[in-house]
Amino acid sequence: MQLLQKPIKSIAACALFLVFIYTTAQSLAQTKDVSRDYSQSYSRLNVTNISQSRNSHSRRHLLQAAGEEQVEGETDDEDVKPDDPGADMEEVRTCSEGLVLPLWMPQKNISIGDRLIRGFVYFLFLIYLFVGVSIIADRFMASIEAITSIERTVVVRGQNGEKQTMHVRIWNETVANLTLMALGSSAPEILLSVIEIYAKDFESGDLGPGTIVGSAAYNLFMIIAVCMIWIPAGEVRRIRHLRVFIVTAVFSIFAYVWLWLILSVISPGIIEVWEAIVTLLFFPVTVIWAYIAERRLLVYKYMDKNYRVNKRGTVVAGEHDQVEMDAEKARTIVNFQGPRSSDAEAFDEARREYITVLSELRQKYPEADLEQLEMMTQEQMISRGSKSRAFYRIQATRKMVGSGNLMRKIQERAHSDLTEVKAQLHPTDDDYDDQPTRIYFEPGHYTVMENCGEFEVRVVRRGDISNYSTVEFETQDGTASAGTDYVGKRGVLNFPPGVDEQRFKIEVIDDDIFEEDECFYIRLFNPSESVFLTVPQIATIMILDDDHAGIFAFTESNFEISESVGLYEIHVMRYSGARGTVIVPYWTEDDTAVAGRDYEMARGELVFENNDTQQIITIPILEQSSYEKDVSLKVHIGEPRLAPDDTNKESFFHRFFENHEHTGDHTNDELLAQIQEVEQKSPKDLTELDRILLLSKPRNGELTTTHVRIRESQEFKATVDKLVAKANVSAVLGTSSWREQFKDALTVVPADESEFDGDDDVEEEVPGCFNYISHFICLFWKVLFAFVPPTDICGGYVTFVVSIFVIGVITAVIGDAASYFGCALNIKDSVTAILFVALGTSIPDTFASMIAAKHDEGADNCIGNVTGSNAVNVFLGIGLAWSIAAIYHMSHGMTFNVEPGTIGFAVGLFCGEALIAVALIMFRRWKKSIGAELGGPTFSKYVSAAILMFLWVFYVVICILEAYDIIRV
C-alpha cells in the first residue's frame, strides 16, 4: 500500500492545512473590512442613474464583485438600505439555493467559527463525493472498454495459403482514446460545466469552466511531473504515437487560445451562437485530425496499410512508423509489404510473442506441465502487455477503495480462458448424452495368429444408452474361407439399458500347411429402432500364418506425429509366419530433424519371440512448444536373423526335418548353415527341401525404412490461437452478473504490489488495516453502484447510459457542495474550481498515470492522454455547455454574456505555461542524454519535474491573486 498511503496522507494534510490557513486569514480580513467594503458595494448597486437597458450579466458581475449572494425570495435591491452595515454583513454571508443539495440553514447571524465548521464539513463531503464519482466513473470506463473492444471476425490466408480466422477490433485505438476514453476520464468536469449552465438559468458561471481549466493545468503540469520521477531508476518511457501526441498537444493549446479569442477579441463578453457551435465542432475535428495523423491518410495514402497487435492480443489499426518507437520496443509493430494480408501478419506477431513467453516460463519452471505453463502464459500475455487508460484508471480506484488488485482478476480470467479452450478441444462424454444411439466395432481391425484358437470381438454402444437395443452380426469370407480357416458365425447382440458394450468369440482353424496371410470380415446389420450403425460397422480380421519365421517390415512408409507426443511408438510387423525367435536390428537417422534437439537417437534390436507378430520401436520426441514446426527423421530396420539359442522343438523346421528322416538336434545354427549352403546353389539345382529352407529364412519386406515427420501440436496450436484471441483486458474490467458485482463490492482484497509486478516468490498478502478502513468508508458507494447493470448486458451500452446518468447526479451534488463550501468560507467559485474541484476530480487520474508510468512500455497513457483530454474538455465540456446557453438566449432574443475576467486571465496564463511544458517534453525526447519524455538520469528528471510543479503552483497562485483583485491585468 506504499503507493497509495503516502500520497493520500500528503494530499490530505496539505489540503486541510491550506483550507484552514487560507479561510481563517480570508475570513478575518473580510471581517475587519466588511463595513467599508460592503458599503461601497451597495452604494454602487443603488445608484439611481444606472441604465435600465444594462444587461443582466453586468449586474451579476457587480454583485459578485461585491461578494453578495442572495437567497431566492429575499428583499429587492431597492429595499436594502445602504447606510445599514449590519444588514450588509448579513447579506454578503448568505448562500443561494443549489440545484440538488439542500441549503444548510440558518444563513443569517453565523459566526466565523460556524462558517469554519461548515466549510470543514463541506470539504469532507466533497472528498466523499469525489470518491463516489471516481467509483462510478470506473464503472463507466469499464462499459467504454467493453464497447470499444467489440470485434468482428475476419478470415485471412496464412503463409502457406491456409485460411485463418481471427478477431479484429472495430474501434480505432486513437479514435477510442479521444472520444469515449477521454469522455470517461473527464465526465465529471464536462457534466459539471453543463449542469452549472442549467442550474444558473442558462447564465455563465465560474465553477464549470474554472474546473476544466484548473484540471487541464493540474493534468499537464503535476501529473506529468509526478510520472517523470515515478519511473524506476535507469528506465525511460517514450511516446510511441508521436504524431498523435503532436496533434493533440497543438489542439489542447489551440483550445485555450480559441477561448481567449472568443472571450476577449472577437466579441468581448458575449458568446455568439456560431462561436459556441464552432467550439463544439472542434471536438470531431480534433478526433479526425488525430486519426489522419495516425493512419497517414492524406500524405501517405498510396503506401501500404498496416496493422499492429496490442499486447491484449487484439488486431487494431495502428501506426507502422518505427521512428516513433525506440528500436527495442518496435517488435510490436507489423510492417509488411507483400501479398499476404496484414491481418494475418499481425496475428502471427501476437502468436510469436505467446510462444516466446511460454518458452521463458518453460525454462523458469522446467517441472511444470504444459497446461500450467499455458495458464501462466495467458496471464502474462494480459498482465505484462500494454493496457488502455481505462485499465489503469480502474486499477488505481480499486486500490484506493480497498477492492484489491486487478491482477487477481487477470489470474482468474487466465484460468477460465484455458479451461474453456480445453473444454472446446476435448469434449467430454457428457456432450454426447443427448445424441442418438450409435453401435460400432471397437477396434475395427484384428490381427490374430493361426494357432490362437479363438479370439474376442468387441462391439460398443454410444450416445443414449438408456433404452434396450439389439443388433445382428455375421462373418463373411475374404481370402480366408469359413470351415477351412475359421468357423463362421451369426448371431444377435443384446444391449440392456445402461450397458454400453458386448463381446463374442470367433474360432480360428490351425493347420501345418504354409500359406499366405488371409483375412475375413464381420459385419453388423439390422439394428433395432432408433439405433444407428456408424463406422466401423465392418471389422477386418487378419489371420497370420505361423509356419515360417516370417517377413518383417514397417506398417507405413511415412508417419506424421505431434511434437507433444512424448514417446512415439513405431510398430514393426511380422507376417507370413511367426515361428521361432528372430532378432531385428534398428536405428534412427537425422533428416531435417536433429537428434538431441528434436528427438533422442535410438538404436537397438527387436526380439520377436515365437508367435510374436509385432514389436515396437520407441523414439523420445523432444517438445519445444513450437507454433510452427516441420522436421523429419528416418528409422531403419536391418536384416533379421534367427536367434542362435532357439531350440523350439515345435517349430516347423524341426517337424519338417523329422518328417524327412533327419536326425539330431536341429538348432537354428544348423538350420542357418544349411540355408547358407542352399543359397550358394543355382536355382536349377534346388530341390523341394532346398526351396522350403529358403522360404523358412526370416527376411525383410519392402518397407525397411520409414520417415517420421514431426509437426507442431495441433492441440497446442489451436490452444494458442484461442488464447491469443481471448487475451483481452476488457474482459477483466467488465462484469458478467450482478452477483459478481455485489461479491466484489462486499469483499476486502489487499492491493499488494507484488501481484502487479509478477513476483512469484512473494507470499500472498492479507488485507491490512488501511484496506479495511478504505473499504468500509467506501462501502456505501460500492454497494450502491453494484446495482448498475453488468457490462455483459448489450455489450456495455446499458452500463454506459446508467453510469453517465449517475455521474451527472453526483456531479450536480458536487457543484452544489463546492458552491456552499466556497460561500461558507468566502472563497470565490473560480478559486474553488481551480484549487479544490479540479484537484478532486484529477486525483484518480494521478494514480492511474503513476501506475501506467511504472508498468506500461510507453508514455502514451501518461502524456498522450493528458493533452487529448485537455482538448476534449474544452471543446466538449465548454463547447456543449455554451452552445446550449447561447441557443437558449438567442431563442429568447437575448445574448449569452460571459465576463472575460478570471476565466480569460486563467486561459491566457495557461496557454503560455502549456507552451513551456510541451517544449520541455520535446526537449527531453530529443536530448540524447535523456532520450525520452519520462524517466532518464536522476538529476534531469527531478529538474524537469520541479519546473512543471513550479508552473502549476505559479498558475494557481496568480489565478487566486487575480480573482481577488490583488493583481490586475
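Asn-826 is buried, with a relative accessible area of 12%. Here buried means under 20% relative accessible area, exposed means over 50%, and partly exposed lies in between (1.4 Å probe, protein chains only). You will find Asn-826 in the loop between helix H22 (797–824) and helix H23, and its phi is positive, about 60 degrees, although Asn-826 is not a glycine. Helices (H or I, at least four residues) and strands (E, at least two) are DSSP runs, numbered from the N terminus.

A word on the model before we go on. This is a predicted model, in which local features need pLDDT of at least 70 and side-chain atom pairs count only at pLDDT 80 or more, while totals for chains, interfaces and linings use all residues. Residues are numbered from 1 along each chain as its sequence is written, and side-chain values use heavy atoms, with hydrogens and water left out.

**Loops worth a look**

Asn-526 also has a positive phi, near 50 degrees, in a residue other than glycine. Its place is the loop between strand S13 (518–525) and strand S14, and Asn-526 counts as partly exposed because its relative accessibility is 46%.

The peptide bond from Glu-442 to Pro-443 is cis, with omega near 5 degrees, and Pro-443 sits in the loop between strand S7 (437–441) and strand S8 (445–449). The bond from Val-535 to Pro-536 is cis as well, with omega near 0 degrees; Pro-536 belongs to the loop between strand S14 (531–533) and strand S15 (538–544).

Now move to Asp-856, in the loop between helix H23 (829–855) and helix H24 (860–891). Is Asp-856 buried or exposed? Asp-856 counts as buried, because its relative accessibility is 3%.

**Salt bridges**

A salt bridge is counted when a side-chain nitrogen of Lys or Arg is within 4 Å of a carboxyl oxygen of Asp or Glu. By this rule there are 18 salt bridges. Three of them are set out here.

| Pair | N to O distance |
|---|---|
| Arg-503 and Glu-456 | 3.4 Å |
| Arg-490 and Glu-474 | 2.6 Å |
| Asp-598 and Arg-597 | 3.0 Å |

Take the salt bridge between Arg-503 and Glu-456. Arg-503 lies in strand S12 (residues 501–507) and Glu-456 in strand S9 (residues 454–462), so the pair ties together parts that are 47 residues apart in sequence. Arg-503 is partly exposed at 42% relative accessibility, and Glu-456 is partly exposed at 38%. Both also belong to a network of salt bridges that links Glu-442, Glu-456, Arg-458, Arg-462, Asp-500, Glu-501 and Arg-503.

Next comes the salt bridge between Arg-490 and Glu-474. This pair links distant parts of the chain, with Arg-490 in strand S11 (residues 490–495) and Glu-474 in strand S10 (residues 469–477), 16 residues apart. Arg-490 is exposed, with a relative accessible area of 55%, whereas Glu-474 counts as buried at 14%. In the remaining pair of the table, Asp-598 is buried, with a relative accessible area of 2%, while Arg-597 is partly exposed at 43%.

Helix H26 (residues 938–963) has 26 residues and reaches 38 Å from its first C-alpha to its last, close to the 38 Å expected at 1.5 Å a residue. That expected span is 1.5 Å times one less than the number of residues.

How many helices and strands does the chain have? There are 26 helices and 27 strands. Of the chain's 969 residues, 54% count as buried. Contact means heavy atoms within 4.5 Å. Among contacts between residues at least 6 apart in sequence, 77% join residues at least 24 apart.

Finally, the cysteines. A disulfide is a covalent bond between the sulfur atoms of two cysteines, and the cut-off used here is a pair of cysteine sulfur atoms within 2.5 Å. The structure holds zero disulfides. Cys-911 counts as buried at 10% relative accessibility, and Cys-959 counts as buried at 2%.
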